[in-house]
Amino acid sequence: MRVTFRTIEWTGDALLLLDQRILPGRETVRRYATARGVADAIRTMVVRGAPAIGVAAAFGLVLAVRSAVRGGRPWREAFRTAAEMLGATRPTAVNLFWAIERMRRGASMLSDDPRESLRALEREAVAVYEEDLAANRAMGAHGAKLLPRSGSVLTHCNAGALATAGYGTALGVIRAAVAAGKRIHVYVDETRPFLQGARLTAWELSKDKIPCTLITDNMAAKLFGDGKIHAAIVGADRIARNGDVANKIGTYGVAVLCRVHKVPFYVAAPRSTIDLGVRSVKEIPIEERNGREVTHFMGRRVAPDGIRVYNPAFDVTPARYVSAIVTEKGVLFPPFSRDIRALFR
Ligand code: MRU
């Protein structure tokens with residue numbers, strides 16, 4: 001199944017990003033020619049989703065080195081400054097740090113020849129992009145088997161082509177299942193407060209003509225109670241080495257509903273989302289975002305002025321609620337620790 005839009009595109013001298021803040025109303029592609037611009041795009045959610053921000057950061061580093069090389073400045077220093085700036089944009093998705101680290105490792109092996117180094121770093125960033133695309137396709141092939149031949153699948157947030165180099169993780173699995181002839185209907189959680197479900201997932205699935213129904217997050221329990229959900233599948237921002245999963249706020253609630261109603265809860269994520277340095281849930285840093293996202297709806301105030309707000313962008317689902325983790329190398333089943341270790345051998 002072909003995806004009909006591009007989230008991220010590298011032109012050779014700039015990064016093009018589909019502005020996800022204004023979807024579905026407007027399809028606007030913005031051009032970024034500096035690392036600072038890319039960092040702002042990540043911070044302000046022009047580009048979002050764990051793998052996508054990793055890919056964007058890799059190209060941001062190329063842009064920093066490119067501008068240093070053109071200006072006759074030391075490229076290694078420019079790389080270091082940009083890596084720090086890009087790494088400070090969002091704290092939870094580990095793919096961002098994974099991509100920066102991969103580029104840093106690449107950079108440390110390069111000669112001091114500026115032009116040759118720039119070309120090598122560009123090749124590395126393109127590889128990060130292409131490998132993510134391939135990983136998503138592979139996850140689709142592995143994960144499609146888990147979904148019912150016919151039935152309804154719930155997803156939360158957006159783990160689609162918009163959140164990755166293309167095709168998607170959780171939505172990639174759904175795309176592959178549909179392409180294989182399964183009759184899947186998708187219930188899309190709206191995903192308050194940023195509305196990634198309503199604005200992005202509903203848009204993506206509709207564009208691909210995959211049957212879907214939008215619900216607000218608080219309607220999911222009723223659907224489970226009515227026996228209308230046969231599986232749930234989400235993406236991840238960081239997976240600890242024991243299988244605990246950080247993902248968009250509200251994911252934990254979906255996992256608990258799955259457990260109570262004996263419905264499988266699947267997570268689809270590439271290896272770049274697994275953080276072996278994190279032992280469990282407690283060590284995953286959770287981004288807290290501006291309270292305005294909660295007090296306002298589409299730019300309009302919906303809560304009293306001065307109200308105190310708590311706005312964590314992610315929650316953590318303990319591994320015991322996860323039925324399987326779909327990776328590009330295959331499907332992992334509980335207990336996850338051993339399989340996760342084996343994935344990196
Ligand atoms: O705040 P966001 O929109 O960047 O959060 C995105 C998610 O939580 C996704 O589910 C996750 O990054 C997986 S994307 C393949």
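The model is predicted, so local features need pLDDT of at least 70 and side-chain atom pairs need 80 or more, while totals for chains, interfaces and linings use all residues. Residues are numbered from 1 along each chain as its sequence is written, and side-chain values use heavy atoms, without hydrogens or water.

Next I checked lysine 248. An N or O atom in its side chain is 2.7 Å from an oxygen atom of the ligand. For arginine 48, I found a polar side-chain atom 2.8 Å from an oxygen atom of the ligand. Taken alone, the ligand exposes 410 Å², and the protein buries 99% of that (Shrake-Rupley method, 1.4 Å probe).

How many residues surround the ligand? I noted 19, and Arg90 and Asp237 are among the closest. A residue counts as near if one of its heavy atoms lies within 4 Å. The shell divides into eight nonpolar, seven polar and four charged residues; Gly counts as polar here.

I then asked which elements supply the shell. Helix 2 (50-70) and strand 9 (245-248) each supply at least two residues. Helices here are DSSP runs of H or I with at least four residues, and strands are E runs with at least two.

Why does the ligand lie between two domains? Domain 1 (8-137) and domain 2 (142-343) both give residues to its shell, so it lies between them. The domain bounds come from an automatic or database assignment.

Last, I checked the backbone. Most residues other than glycine have a negative phi, and most peptide bonds are trans. The bond from leucine 23 to proline 24 is cis, with omega near 5 degrees. Proline 24 is in the loop between strand 2 (15-18) and strand 3 (29-32). Threonine 191 has a positive phi, near 70 degrees.

Terms used
Polar contact = N/O pair within 3.5 Å; in protein donor to acceptor, adjacent residues only side chain to side chain.
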